[in-house]
Amino acid sequence: MKYFKVDELGLLPKAVLELKQLRNEYKSLARNAESKSEYSKWNNNQLAVKRLMASFYGIIAYQGFGWANVELAACITASAREAIRLAAFKVKEME
């Protein structure tokens, strides 16, 4: 697996972090909603942000995108696989 510069965040990581913060705000508002319609509004907003964040991977992997980087996309999926693997080990430890 290739490692990328981590001492300074680039444009996409900054955008993803900002979106993550926005999603967390929406999730909090949904949890504290006082009506079904208010809950639905904030939950739909957080789901939309979730999908937007996931689309960042797709656009990086898409060869038609000007900043496409298949190697970066492969690293994203590799780190996700590793996170899932570690989570599975933690669950087994809890059994």
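The model is predicted, so local features need pLDDT of at least 70 and side-chain atom pairs count only at pLDDT 80 or more, while totals for chains, interfaces and linings use all residues. Residues are numbered from 1 along each chain as its sequence is written, and side-chain values use heavy atoms, with hydrogens and water left out.

**Exercise 1.** Find which residue forms a salt bridge with R85.

*Solution.* Begin with the criterion, a side-chain nitrogen of Lys or Arg within 4 Å of a carboxyl oxygen of Asp or Glu. The partner is E82, and the closest N and O atoms are 2.7 Å apart. An α-helix has 3.6 residues a turn, so residues three or four places apart point the same way. Finally, R85 is partly exposed at 40% relative accessibility, as is E82 at 33% (buried is under 20%, exposed over 50%, partly exposed in between, with a 1.4 Å probe and protein chains only).

**Exercise 2.** Compare the span that helix 2 should have with the distance between its end C-alpha atoms.

*Solution.* The expected span is 1.5 Å times one less than the number of residues. For the 26 residues of helix 2 (residues 36-61) this gives 38 Å, and the end C-alpha atoms are 38 Å apart, which agrees. Among the buried residues of this helix are W42, V49 and F56.

Note on methods
Helices (H or I, at least four residues) and strands (E, at least two) are DSSP runs, numbered from the N terminus.
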